[in-house]
Amino acid sequence: MPRDAQDHAVTVASEEAARAFDHAVEGYLMHRANAAQRIAPVLAADPEFGMAHVLRGYLPMTAYDGAFLPRSREALAEARRHLARATPRERAHAEALSFWIDGEVGRALSTWEDILAEHPRDVLAFRMHHFVAFWSGMPERMLAGVERVLPRWSASVPGWGAVLASRAFAHEECGSYVVAEASGREALMLDPANLWATHAVAHVMEMQGRRGEGIRFLSGLEQHWEGGNAITHHLWWHRAMYHLERREFGEALGLYDRRFRDLASPLAQAMPDFIVDAQNAASMLFRLELRGVAVGDRWVELADKAEARVGDHLSPFTLPHRMMALAATGRWAAADRMLGTMREAARANRGDHAAVLRDAAIPVCEAVLAHRRGDYAVAVEAMRPALGVMYRLGGSHAQQDVLEQLFFDAAVRAGLDEDARLLLERVAGQHPVPPERRVGYVEAAGRIPH
């Protein structure tokens, strides 16, 4: 029986198909823009390769786009037709995909963990677990997952760089910045085109306030980003964030137009409404407006896309960003429809996803809407109960900070000093750089009585 690059038995017709599958998995691990296209040669070599169909189902799920769910369901059905005589490991991958499609995130994560308990070098199970744990607001589970398998890995096993990069990001999100940076830099020494490692180190520098160094770091690696997927946009967003903190607002807005929201770029043309792109764009415009920067009509195309996605709740963290765009353009009816569909989904469904909508996404979106309308006390009242569970929306500390700035700005404008102080204490407790040295807080922080 052929074996994959990490030495697992795979139920496949030929070595050619097995090597093509390794190439496709590597494309996903390394954030290649052509990762999905790499599956075609696998299926050409063996149309009945169950794991290839599983991968074909996994990749659309990573977009968190409701329109892609039928693709994943079809791929799962095809996978199951060919996995009857496959290994238990391969069949478990199909079960994990099924749970994910059905919104049973906890069961999907547990299934990948079961796979990794028996096969700690199953790099696809490892990376899917890492991805879904992150977007489910579970950094501690992300960290436990990488540390559990790490002793069974080494530099001699293909995929080691992806494991190091994931270790770097998991440690960064859990506040272990020394380990995070060391792991990320080790991965970059192996391959400077490791975009997830670049991303992890950029996060460390963001959290530690190393803004000039961060700009130089990303500039030095930019030459290696050719062929990368939309994570390259997110890296440009990180660079713009450094400039924003340095009050170089023009440079941040220039990067918006030229780099991470260039609608004419091939990546944007291929997927014009990718969730992370929408998050990058909306959060940057919102931050800039809080600093008094005029952003022109840039909200309009974001609002067009947000309105088209009303009713799609697969990515809870993206929902407040879509609401920012609708509210910024005065699309109150669309905003009300969006809230209505979220409330209906929270009532109609059970499980983790419905709870996240009910407890976090809906109140935060209500706060976004009230803030834009100038109802600042209403925004604070809506969002206050969600602060403690907001992490369940997913997203990094750096990404979630825009929501914290929203609450802080609303509290300051409403004259609610106790709430403003609450937010400052919350931010100070989770961010190494004190609020007095961060652009989103410094102007008002000194006016809040202790």
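Visitor: Which helices do the buried residues of H14 pack against?
Guide: Packing is read from contacts, meaning heavy atoms within 4.5 Å. Here the buried residues of H14 pack against helix H13 (231-245), helix H16 (275-290) and helix H17 (299-308). The model is predicted, with local features needing pLDDT of at least 70 and side-chain atom pairs counting only at pLDDT 80 or more, while totals for chains, interfaces and linings use all residues. Residues are numbered from 1 along each chain as its sequence is written, and side-chain values use heavy atoms, leaving out hydrogens and water.

Visitor: How do I read a label like H14, and which of its residues are buried?
Guide: Helices (H or I, at least four residues) and strands (E, at least two) are DSSP runs, numbered from the N terminus. Buried means under 20% relative accessible area, exposed over 50%, and partly exposed in between (1.4 Å probe, protein chains only). H14 covers residues 249-260, and its buried residues are Phe249, Ala252, Leu253, Gly254, Leu255, Tyr256 and Phe260.

Visitor: Which residues touch the most other members of the largest nonpolar core?
Guide: The general idea is that nonpolar side chains tend to be buried together in soluble globular proteins. A nonpolar core is a set of buried Ala, Val, Leu, Ile, Met, Phe, Trp, Tyr and Cys residues joined through side-chain atoms within 4.5 Å. In this structure the largest one has 160 residues, and Trp100, Trp112 and Met284 touch the most other members. Helix H20 gives the most to this core, with eleven residues. If you leave out residues up to four places away in sequence, Trp112 touches Tyr58, His93, Ala96, Trp100, Ala125, Met128, His129 and Val132.

Visitor: What is the volume of the largest pocket, and what lines that pocket?
Guide: Both pockets and cavities are found on a 1 Å grid over the protein atoms alone: in a cavity a 1.4 Å probe fits but cannot get out, whereas a pocket is an open set of points with protein on both sides within 12 Å along at least five of seven lines, and lining residues have an atom within 4 Å of a point. Grid points are joined across faces, edges and corners, and a volume is the space filled by probe spheres set on the points. The largest pocket comes to about 1,100 Å³. It has 43 lining residues, and those closest to its centre are Leu59, Thr62, Asn229, Met271 and Phe274. Helices that each supply at least two lining residues include H1 (15-29), H3 (50-61), H13 and H16. By class, the lining has 27 nonpolar, eleven polar and five charged residues (Ala, Val, Leu, Ile, Met, Phe, Trp, Tyr, Cys and Pro count as nonpolar, Asp, Glu, Lys and Arg as charged, and the others, Gly among them, as polar).

Visitor: Which helix gives the most to the lining of the second largest pocket?
Guide: That's H20, with four residues; H20 spans 352-373. This pocket holds about 690 Å³. Of its 34 lining residues, Gly103, Val105, Leu314, Asp352 and His353 lie nearest the centre. The lining splits into 16 nonpolar, ten polar and eight charged residues.

Visitor: How many cavities of 30 Å³ or more are there?
Guide: A search of the whole structure finds four. The largest cavity has about 80 Å³ of space, and its lining residues include Asp273, Ala278, Lys305, His321 and Arg322. H16, H17 and helix H18 (318-328) are the elements that give two or more residues to that lining.

Visitor: What does Ser136 touch?
Guide: Ser136 lies in the loop between H7 and H8 and counts as buried because its relative accessibility is 14%. Setting aside residues up to four places away in sequence, Ser136 touches Val105, Arg392 and Gly394.
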